[in-house]
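Work through the exercises below with the structure open. Each task is followed by a stepwise solution.

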Amino acid sequence: MAEEENQTQNVTEFLEEAKRTQEINQYGIMKGSTLHFTLLEAKINFKVDFYLLSKIENKTLKSTQGKEGLYQAQESFSLEIEHGLEELVIWAMQSSASGLDDRFIGQVRIPVKCAEDQIPKEFQLYIYDHQKSNQGTLTLSIHWIWNVSKYLEVFYENLKAQREHNQATLKKTNNKVEFLSSLQ
């Protein structure tokens, strides 16, 4: 029990320090956090070779090639995010033979608040062109490595609940021992 109390005290102190030193954006995400996403599948409504460009905060990543309207590489990407205020934008681009005449097919815009915690969330989204015509679908999984103070708050609450459960179990055990001792 003393070890649990010591652990709880350490977490409390670390949590208070994290709250004093972290800069949190409007979504409760620590500036400098990491956004993780996995491009699971993309289907374009016509058979073309294409790739996906993902962009946020002036950082751009390119996927491998989708063939004949289908992308199934399941690539994962991680981006360090400075502010977390922009949307993640993913463009579907038709590949040209030269690479110089690639054509915009459509895009998906994902607000960062969709990735509200460390639990990956899967979304299937429509890819729209500039005229708002449906050009296909994109399935992705997205989540944050969120701020330390939020993580520690959840950890602390779980630790506290476990400690309370252990104390209740110990009390029940002591009551049974006392009852059995009184029978002798």
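**Exercise 1.** Find which residue lies over the face of Tyr 51 in this predicted model.

Solution. Start at the ring centre of Tyr 51. Lys 62 lies over the ring face, at 4.3 Å from that centre. The cut-off for a charge over a ring is NZ of Lys within 6 Å of the ring centre.

**Exercise 2.** Classify the ring pair of Tyr 126 and Tyr 128 by its geometry.

Solution. Searching the whole structure gives two aromatic pairs. In the pair Tyr 126 and Tyr 128, the ring centres are 6.2 Å apart and the planes meet at 50°. Planes under 30 degrees apart count as stacked and over 60 as edge-to-face, so the rest are tilted. The Tyr 126 and Tyr 128 pair is therefore tilted. Now check accessibility. Tyr 126 has 48% relative accessibility, and Tyr 128 has 35%.

**Exercise 3.** Decide whether Ser 141 is buried or exposed, and list its contacts.

Solution. Locate Ser 141 in strand β9, residues 134-145. Its relative accessible area is 16%. Buried means under 20%, so Ser 141 is buried. Leave out residues up to four places away in sequence. Ser 141 then touches His 36, Phe 37, Thr 38, Leu 40, Pro 120, Lys 121 and Glu 122.

Definitions and conventions:
Residues numbered from 1 in each chain as written. Predicted model: local features only at pLDDT ≥ 70, side-chain atom pairs only at ≥ 80, totals over all residues. Heavy atoms only, no water. Helix = DSSP H or I, 4+ residues; strand = E, 2+ residues; numbered from the N terminus. Buried < 20%, exposed > 50% of the residue type's maximum accessible area, 1.4 Å probe, protein only. Contact = heavy atoms within 4.5 Å. Phe/Tyr/Trp six-rings, centres within 6.5 Å; stacked < 30°, edge-to-face > 60°. Lys NZ or Arg CZ within 6 Å of the ring centre and 35° of its normal.
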